[in-house]
Amino acid sequence: MADFDELGLPKALVTRLEKLGLKQPTPIQDRAIPHALNGKDVMGLAQTGTGKTLAFGLPLLAQLMSYSGKPAPKSVRALVLAPTRELANQIAESLKSLTEGTPYKVGLVVGGVSINPQITRVGRGTDVIVATPGRLIDLMERRAIDFEDTDFLVLDEADQMLDLGFIHALRTISQALPEDRQTMLFSATMPKQMNEIAQTYLRNPLRIQVSPPGKAADKIKQSVHYIAKAEKTSLLIELLDKHREEAAIVFVRTKHGAERLMKTLDKRGFAANSVHGNKSQGQRERAIKAFKSGEIKVLVATDVAARGLDIPAVRHVYNYDLPNVPDSYVHRIGRTARAGMDGMAIAFCAPDECDEFRAILKLLKTEIPTASGNPWMDLEEPSHKSKGRGRGRPGGGKPGGGGGGRRFGKPGGGRPGGKPGGGKPGGQRRRSGGGGRGQKAQSA
């Protein structure tokens with residue numbers, strides 16, 4: 001694998017990477033950057049935590065560094081779309097760290113904060129805008145932003161944008177962008193609709209895949225506790241108490257559930273805070289900042305934090321509630337084992353979550369070891385059930401008892417919840433090498 005200085009990046013960027021302690025690219029960066037530098041449309045598929053932000057950020061900034069002069073008022077040269085405020089913030093921070101000391105400006109356009117300062121900043125002209133689709137459309141409707149000079153579009157975590165229902169917003173934005181642009185799409189999973197997105201927004205893209213979609217990071221040690229819903233909080237407190245000084249994220253399904261659980265943990269003496277949709281953007285940013293600094297050790301969150309949190313110190317991820325969408329499980333546990341570190345992913349499965357857990361196992365195509373309790377039911381697909389096998393508790397015993405052997409782990413010894421075992425060069429729209437780019441795509 002080449003070092004960054006062998007990928008064709010400008011010396012200024014390589015020097016900045018060295019100051020940040022980054023010398024060797026990850027596999028997705030190593031394979032995507034050279035093609036993106038040559039102006040090719042790229043579709044990158046890689047599991048969370050593999051460095052997708054730099055895979056598009058470095059070639060994007062490298063090409064912008066050949067531009068002269070300042071962007072025209074209201075104009076933006078490169079647009080990066082992300083599904084959540086947290087992810088948009090994370091991307092903007094990464095790009096700003098790379099442009100420090102240069103004249104190139106990175107702007108952030110997200111909801112949850114006043115739109116007027118954003119209108120003012122965009123009005124001056126910006127090299128790169130990182131935005132969530134909803135707030136960007138707000139600016140478009142106010143005629144506060146101009147895409148005439150936009151040469152680059154990045155769709156990051158495109159699968160989640162589909163999950164969150166942004167497909168119509170993406171079409172609206174795409175129609176406002178020049179057809180003659182370079183587009184890069186990055187995602188951790190590949191739902192069926194993604195092919196439609198790729199055909200609509202990309203032209204003869206180079207597909208780069210460095211790990212199977214849905215695959216969890218190899219350094220994540222996963223386990224599951226089969227436990228009654230009423231006993232989840234007691235078990236969580238017991239487990240958290242064993243590593244009070246280590247950072248942990250606890251994922252729950254609802255906003256009210258997140259706030260309620262956070263207050264319970266706070267009363268039990270844990271340094272905890274919460275992130276969910278009922279919090280203002282300022283509150284969410286302060287909670288994440290405190291978590292990054294180590295001021296708080298436990299972050300209770302809904303899926304708004306399942307992507308966009310790149311905090312290497314996170315050693316433990318708890319799926320207190322299993323997600324309805326199995327892909328979300330992969331993204332949740334991807335908050336740990338980052339930057340080459342190890343991590344623990346602990347799931348709690350209540351009786352009414354068996355369908356969700358079965359879907360997760362099907363996606364992962366692997367077993368998750370049992371830490372305590374017994375499966376509430378046979379977790380194999382119904383069509384694979386052995387003839388005559390009942391649909392009740394495994395082995396006829398009570399949950400957590402000593403029922404017979406089963407596929408997904410050894411029987412636990414106790415009750416569920418018991419102790420766990422300016423200008424473009426030459427005045428023309430820039431295209432760096434790479435040969436022809438094929439016919440122009442139709443706007444979505």
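Helices here are DSSP runs of H or I with at least four residues, numbered from the N terminus. The model is predicted.

**Overall make-up**

The protein holds 14 helices and 14 strands. Of its 444 residues, 56% are buried.

Helix H1 spans residues 11-19 and contains glutamate 18. Glutamate 18 has a relative accessible area of 45%, so this residue is partly exposed. A patch of negative charge lies on the surface, where Glu18 gathers with Asp3, Asp5 and Glu6.

**Helix H6 and its cover**

Helix H6 runs over residues 133-141, and its buried residues include Pro133, Arg135, Leu136, Ile137, Leu139 and Met140. What covers them? Strands and helices both take part: strand S2 (76-81), strand S3 (106-109), helix H5 (115-123), strand S4 (126-131), helix H7 (158-163) and helix H8 (167-176) are among the covering elements. After H6 comes arginine 143, with a positive phi near 55 degrees.

**Salt bridges**

Side chains of opposite charge can pair when their charged atoms come close. The count of salt bridges comes to 14. The table lists some of them.

| Pair | N to O distance |
|---|---|
| Aspartate 127 and arginine 77 | 3.1 Å |
| Aspartate 352 and lysine 229 | 2.8 Å |
| Arginine 253 and glutamate 353 | 3.7 Å |

Aspartate 127 and arginine 77 form a salt bridge through their side chains. This pair links distant parts of the chain, with aspartate 127 in strand S4 and arginine 77 in strand S2, 50 residues apart.

Aspartate 352 meets lysine 229 in a salt bridge. Here the partners sit in loops, 123 residues apart: aspartate 352 between S13 and helix H14 (354-364), lysine 229 between strand S8 (220-226) and helix H10 (232-240). Aspartate 352 is partly exposed, with a relative accessible area of 47%.

Arginine 253 pairs with glutamate 353. Arginine 253 is partly exposed at 36% relative accessible area. Glutamate 353 counts as buried, at 3% relative accessibility. A network of salt bridges links Lys232, Arg253, Asp321 and Glu353.

**Contacts across the sequence**

Isoleucine 296 sits in the loop between helix H12 (281-293) and strand S11 (298-301). Its relative accessibility is 8%, so isoleucine 296 counts as buried. Which residues does isoleucine 296 contact, leaving aside neighbours within four places in sequence? They are Ala271, Ala272, Asn273, Ala287, Ala290 and Phe291. Asparagine 273 is 23 residues away in sequence, with a C-alpha to C-alpha distance of 7.0 Å from isoleucine 296.

Helix H13 (residues 326-333) holds aspartate 327. Aspartate 327 has 17% relative accessibility, and the cut-off for buried is under 20%, so aspartate 327 counts as buried. Aspartate 327 contacts Thr189 and Leu363, neighbours within four places in sequence aside.

Methionine 341 lies in the loop between H13 and strand S13 (343-349). Methionine 341 is partly exposed, with a relative accessible area of 32%. Not counting residues up to four places away in sequence, methionine 341 touches Lys219, Pro312 and Arg315. Proline 312 and methionine 341 are 29 residues apart in sequence, and their C-alpha atoms are 7.3 Å apart.

Conventions: Residues are numbered from 1 along each chain as its sequence is written. This is a predicted model: local features need pLDDT of at least 70, side-chain atom pairs count only at pLDDT 80 or more; totals for chains, interfaces and linings use all residues. Side-chain values use heavy atoms; hydrogens and water are left out. Patches are made of residues with over 30% relative accessible area and no salt bridge: like charges are joined within 9 Å, nonpolar side chains (Val, Leu, Ile, Met, Phe, Trp, Tyr) within 5 Å. Accessible areas come from the Shrake-Rupley method with a 1.4 Å probe; for residues, only the protein chains shown count as cover. A salt bridge is a side-chain nitrogen of Lys or Arg within 4 Å of a carboxyl oxygen of Asp or Glu. Lys and Arg count as positive and Asp and Glu as negative; His and the chain ends are not counted. The place of a charge is taken as NZ of Lys, CZ of Arg, CG of Asp or CD of Glu. Helices (H or I, at least four residues) and strands (E, at least two) are DSSP runs, numbered from the N terminus. Buried means under 20% relative accessible area, exposed over 50%, partly exposed in between (1.4 Å probe, protein chains only). Contact means heavy atoms within 4.5 Å.
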